[in-house]
Amino acid sequence: MTRENFGELEDLIDLARSLGASRFCLYWLVPSGRGSDSYSRIQLGREEVTEALSLLYRKAQETDPGTMEFLTVESPQDCVHPIQSMERDGSPDLADARNLLKSLKGECSAGDRAANVDPLGNVSPCQFSHSLDFFIGNIRKRPFSALWTDSAHPVLARFREKPVHIGRKCGKCGYFEICGGGCRVRAYAKAGNFFSEDPFCFVDPDNSSL
């Protein structure tokens, strides 16, 4: 989702429900591939992201969970919004939601529970990590099982140990344990530092607690 199609979100959700879709998945823009060139021009800001997440929360409340689920991709910090909304609404499910998020350790799965293999056999932590700085290896030269279990590989080590090293505002945020610091591709693209904060995070760390 970008500034160019932000206004279509509710209509798209309603269309998906009318067609009987079982899942509505919202992908946020990541500065990768062609998305890098237009990222700063069409990426959403704080108010738009909050509005989109509020709409998803409202639509989820109006929808039978057995018929459709709602999720977002490439922004683990999105989980904070429903928690805050449930707190505001006095939801009886709030405690269960908190415990579920803590147990899932909602950080990004890239390089840990997910990987990307391109048509040439190149392996990277996720479908957005195309930079050579995220290159893990090639399955035509080395089996995927050997690449994936190589704990000494610097790229895999960074992705799997990231919660220990991510600092700045993430380090003092009470929601860090359920979001894990957001997207590493965005952080690296913005600051050139793998362990920097995700610039797409709009959570106020001074007013955050579980």
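Mentor: We start with the general idea: a cavity is a set of grid points where a 1.4 Å probe fits but cannot get out, and its lining residues are those with an atom within 4 Å of a point. What you see here is a predicted model, and the structure holds 2 cavities of 30 Å³ or more.

Trainee: Which residues line the largest cavity?

Mentor: The largest cavity, with a volume of about 80 Å³, is lined by Gln77, Val80, Lys169, Cys170, Cys173, Tyr175, Cys179, Gly181, Gly182, Asp198, Cys201 and Val203. By class, this lining divides into 7 nonpolar, 3 polar and 2 charged residues.

Trainee: What lines the second largest cavity?

Mentor: The second largest cavity has a volume of about 40 Å³, and its lining consists of Glu74, Cys108, Ala110, Cys126, Phe159, Lys162, Cys183, Arg184 and Val185. Helix H7 (154–165) and helix H9 (184–191) each supply at least two of the lining residues, while the division by class is 6 nonpolar, no polar and 3 charged.

Trainee: How many residues line the largest pocket, and which lie nearest its centre?

Mentor: A pocket, in contrast to a cavity, is an open set of points. The largest pocket holds about 1400 Å³ of space and is lined by 42 residues, with Phe70, Leu71, Thr72, Cys79 and Leu101 nearest its centre. Helix H3 (46–62), strand E2 (69–73), helix H4 (80–89) and helix H5 (94–104) each supply at least two residues of that lining, which comprises 25 nonpolar, 9 polar and 8 charged residues.

Trainee: Which element gives the most to the lining of the second largest pocket?

Mentor: The second largest pocket has a volume of about 240 Å³, and of its 15 lining residues the closest to the centre are Thr50, His81, Gln84, Phe202 and Val203. H3 and H4 are the elements that give two or more residues to this lining, and H3 gives the most, with 4 residues.

Trainee: How should I describe the packing of H1 against H3?

Mentor: Begin with the angle between the axes, since angles under 35 degrees count as roughly parallel. The axes of helix H1 (residues 9–18) and H3 come within 11 Å and cross at roughly 25 degrees, so the two helices are roughly parallel to each other. H1 passes H3 in a right-handed crossing, where Leu9, Glu10, Ile13, Asp14 and Arg17 in H1 meet Ala52, Leu55, Leu56, Arg58, Lys59 and Glu62 in H3. By class, this contact has 5 nonpolar, no polar and 6 charged residues.

Definitions and conventions: Residues are numbered from 1 along each chain as its sequence is written. This is a predicted model: local features need pLDDT of at least 70, side-chain atom pairs count only at pLDDT 80 or more; totals for chains, interfaces and linings use all residues. Side-chain values use heavy atoms; hydrogens and water are left out. On a 1 Å grid over the protein atoms alone, a cavity is a set of points where a 1.4 Å probe fits but cannot get out, and a pocket is an open set with protein on both sides within 12 Å along at least five of seven lines; lining residues have an atom within 4 Å of a point. Grid points are joined across faces, edges and corners, and a volume is the space filled by probe spheres set on the points. Ala, Val, Leu, Ile, Met, Phe, Trp, Tyr, Cys and Pro count as nonpolar, Asp, Glu, Lys and Arg as charged, and the others, Gly among them, as polar. Axes are lines fitted to C-alpha atoms, for helices over the stretch in contact, and angles run from 0 to 180 degrees between N-to-C directions. Angles under 35 degrees count as roughly parallel, over 145 as roughly antiparallel, 65 to 115 as roughly perpendicular and the rest as oblique. A crossing is left-handed if the near helix is turned anticlockwise from the far one by less than a right angle, and right-handed if clockwise. Contact means heavy atoms within 4.5 Å.
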